[in-house]
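Here is a colleague's note, written as numbered points, to be read beside the model. Please keep the sequence and the structure in view while you go through it.

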Amino acid sequence: MRSAPIEADSNRAIATLDGNAIAGTLLDVFGIEMTDAKCKCAGCDAQFHIAETEVYLRAPGTVVRCHRCRATVMVFVTVRDVTCVDLGGLAALERAAERR
Ligand SMILES: [Zn+2]
């Protein structure tokens, strides 16, 4: 698993990872590998793979943002072993084609 470098500039002092950081969470929720799934941001219509998103693990829950406009596209909150998922920031989510 590859992580994006941790940014410490004055604008974004919170550690930012890429979508690969939530591979395990996505597998738990969707039951399949999803980091290379295609999604579309509802805010700016950008299309990208989940691996390209910006992930904040230390927000209240896990917050996933569009790498282009920084809109929140997904939120995962786990309480008492139940993970609640908000995909409201996505206009589309399409799982990757199965590899053979
Ligand atoms: Zn966007």
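1. A residue is called buried if 20 or more other C-beta atoms lie within 10 Å of its own, exposed if 12 or fewer, and partly exposed in between, with the C-beta atoms placed from the backbone. In soluble globular proteins, nonpolar side chains tend to be buried together.

2. Please bear in mind that this is a predicted model, in which local features need pLDDT of at least 70 and side-chain atom pairs count only at pLDDT 80 or more, while totals for chains, interfaces and linings use all residues. Residues are numbered from 1 along each chain as its sequence is written.

3. The protein chain holds one helix and eight strands, and along the sequence they follow the pattern β-α-β-β-β-β-β-β-β. Helices (H or I, at least four residues) and strands (E, at least two) are DSSP runs, numbered from the N terminus. Of the 100 residues of the protein chain, 24% count as buried.

4. Which residues does valine 73 touch, not counting residues up to four places away in sequence? They are Cys39, Cys41, Thr53, Val64, Arg65, Cys66, Gly89 and Leu90, where a contact means that two C-beta atoms, placed from the backbone, lie within 7 Å. In the protein chain, residues 24 or more positions apart account for 44% of the contacts with a separation of 6 or more.

5. Three strands form an open sheet in the order β3-β2-β8, with antiparallel pairing; two strands are said to pair if DSSP finds at least two bridges between them. Because β3 (47-49) and β8 (90-94) stand at the edges, each with a single partner strand, one side of each is left without a neighbour in the sheet. From one strand to the next, the twist averages 25 degrees. β2 and β3 pair over three bridges in the antiparallel sense, and lysine 40 stands opposite glutamine 47 in β3.

6. β6 and β7 (82-86) run antiparallel and are joined by five bridges. Valine 75 has aspartate 86, in β7, as its bridge partner. Aspartate 86 counts as partly exposed, with 15 C-beta neighbours inside 10 Å, and it is in contact with Met74 and Val75 when neighbours within four places in sequence are left aside. Aspartate 86 and threonine 72 are 14 residues apart in sequence, and their C-alpha atoms are 9.7 Å apart in space.

7. Most residues other than glycine have a negative phi. Arginine 80, however, has a positive phi near 50 degrees, and aspartate 81, in the loop between β6 and β7, has a positive phi of about 65 degrees although it is not a glycine. Arginine 80 is exposed, with 4 other C-beta atoms within 10 Å, and aspartate 81 also counts as exposed, with 5 C-beta neighbours inside 10 Å.

Technical notes
Axes are lines fitted to C-alpha atoms, for helices over the stretch in contact, and angles run from 0 to 180 degrees between N-to-C directions.
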